[in-house]
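Student: I have a structure open and some terms to sort out. Can we go through them one by one?
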Amino acid sequence: MERRTFLNSPVLDEDMQDIYARGLDWQKLRGKTVLLTGATGMLASYVAFFLVYLNEEHAMGMRLLLHVRSEERARARFGEYADAPYISLVQHDLREPWQIEGAVDFIIHAASLANPAYYKTMPVEVAEPNVLGTYHLLRLAKEKGTQSFLFFSSGDVYGKMQEGAGEIHEADVGAADPLDLLSCYGGSKRMGETWCRLFSVEYGVNAKIARIAHTYAPTMDIESDPRVFSSFMKCVAAGTDIVMHSDGSACRPFCYIADAVSAFFLILFEGAAGEAYNVSNDRAFLSIRELAEILVKLRPELGLKVIAKERPKGAAYLENSFNKANLPSADKLRELGWQCRFDAAAGFARVWRYLRDVQTSCQASGKRVE
C-alpha cells in the first residue's frame with residue numbers, strides 16, 4: 001500500500017523523515033505519555049508533528065497531551081490527527097497547578113508569547129508562562145516522577161553582551177535591566193531557567209534547558225509575527241520588495257526547524273539535568289541584509305529588491321537590541337552529537353515551498369490564504 005504524505009505536505013513529510021533519520025534513540029518514547037505545552041506554536045507544532053509521525057509511521061504507542069489555547073486553531077494545525085485516539089487537546093491556564101490522571105513521562109514546555117509585538121502591549125502575559133507556567137509544570141514533573149523535562153528558553157537570557165565579544169557560551173552572562181520592557185521576555189526566561197535548576201538540585205527533577213536562537217519554520221505566522229524572518233517571508237509570498245526598517249547590519253544565526261527539533265529531542269534524551277544548551281546555527285551567522293538578499297532570490301522571476309526604510313513612529317514592535325554582534329555557540333550541543341544540516345538558503349527555500357503549496361491549495365479550493 002502506498003504511504004500517505006504526512007498532513008498532505010511534501011515539505012512536512014520530508015522534514016519528519018529527516019528528523020527521524022538523525023539516529024536518536026526514539027525507542028525511549030515508546031508507550032510513554034508526553035505533555036507538550038503551546039502545541040500550536042511555530043516551533044512546538046513541529047515537535048507535535050514529529051510525535052504524531054512517530055505514532056503513525058513507527059507505531060510508538062505514545063499518549064500525547066497537547067496543551068493549546070484554542071481548540072479551533074489546534075484542529076486547523078493538526079488536521080485529521082486532532083481526533084486521533086492517542087491525542088488529548090488540553091486547555092489549561094498555565095498560571096494554575098496541573099491535575100492530570102496517570103503517568104506523565106516527558107514534559108516539553110514550549111508555551112510562550114515570543115512575538116515582540118506583545119512586549120510593549122502585554123508584558124505581564126509574556127512573563128507569566130515562563131515564570132508561573134514553568135513553576136507549576138516542574139511541580140507536576142516532581143509529583144509524577146517525570147523522566148525528562150525540557151524548557152524552551154531563549155538567547156535573550158544572555159542580556160546585553162559586550163559588543164564584539166564573539167562567541168557566547170552557556171556560562172556567559174550579560175547585563176539586563178529588570179525595568180526594561182524587554183525583560184518581560186528575557187528576564188522571565190531567566191527565571192524559568194532558574195526554576196529548572198532549583199527543581200533539579202532540590203528535588204532531583206531531570207530538567208534541561210534549550211536556549212533557542214532565531215529559529216524559523218514553515219509554520220511561521222507571516223501575517224502577524226513582526227520578527228524579521230516572518231516579515232521578509234510575507235513580502236516574498238506576496239511578491240513584493242523586502243522592506244528593512246534598519247541598515248541591515250545586525251547579525252543572527254538562523255536555524256531551520258528540522259535541525260532545531262532534532263536538538264530539542266537530543267537535549268531531552270541526553271542533556272544533563274539543570275543545564276542549558278544553545279540551539280544555534282552558528283555556522284550560518286548572517287546579517288539581516290544578507291538574509292533579505294537570499295530571500296528575494298527565492299522568486300527570481302519577479303525581480304524583487306531589498307529596500308531600507310525607517311520604522312514607522314508609534315509602532316507596537318519593541319526591537320530587541322541584544323546580541324547583535326555576538327554568536328551563541330553550539331559547541332556544547334555538538335558534544336552531544338548534534339549536527340546542523342540546513343543553511344539559510346536551503347531552509348528558507350523549504351519555507352517558501354511550503355507557503356507556495358498552501359497558496360496553491362487554497363486557491364484551488366477557493367479558500368482565503370491565511
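Tutor: Start with pairing: two strands pair if DSSP finds at least two bridges between them. Keep in mind that this is a predicted model.

Student: What makes S1 and S2 a pair?

Tutor: Strand S1 (residues 33–37) and strand S2 (residues 63–67) share four bridges. The cut-off is at least two bridges, so they count as paired. The sense is parallel. As one example, Thr33 has Arg63 in S2 as its bridge partner.

Student: Which order do the strands of the open sheet follow?

Tutor: Seven strands run S3-S2-S1-S4-S5-S7-S12, with parallel pairing.

Student: Why do S3 and S12 stand at the edges?

Tutor: Strand S3 (87–90) and strand S12 (276–279) each have a single partner strand, so one side of each lacks a neighbour in the sheet. On average, neighbouring strands here are turned by 20° against each other, direction ignored.

Student: Which strands does helix H5 touch?

Tutor: Helix H5 (residues 123–144) packs on the sheet and touches S1, S4, S5 and S7. Its direction makes about 180° with that of S4.

Student: Why is Asn8 called exposed?

Tutor: Its relative accessibility is 69%, and exposed means over 50%, so Asn8 qualifies. Asn8 sits in the segment before helix H1 (10–20). Its phi is positive, about 55°, although Asn8 is not a glycine.

Student: What makes His214 partly exposed?

Tutor: Its relative accessible area is 33%. Buried means under 20% and exposed over 50%, so His214 falls in between. His214 lies in the loop between S7 and strand S8 (215–216). His214 also has a positive phi, about 50°, and is not a glycine.

Conventions. Residues numbered from 1 in each chain as written. Predicted model: local features only at pLDDT ≥ 70, side-chain atom pairs only at ≥ 80, totals over all residues. Heavy atoms only, no water. Axes fitted to C-alpha atoms, helices over the stretch in contact; angles between N-to-C directions. Contact = heavy atoms within 4.5 Å. Buried < 20%, exposed > 50% of the residue type's maximum accessible area, 1.4 Å probe, protein only.
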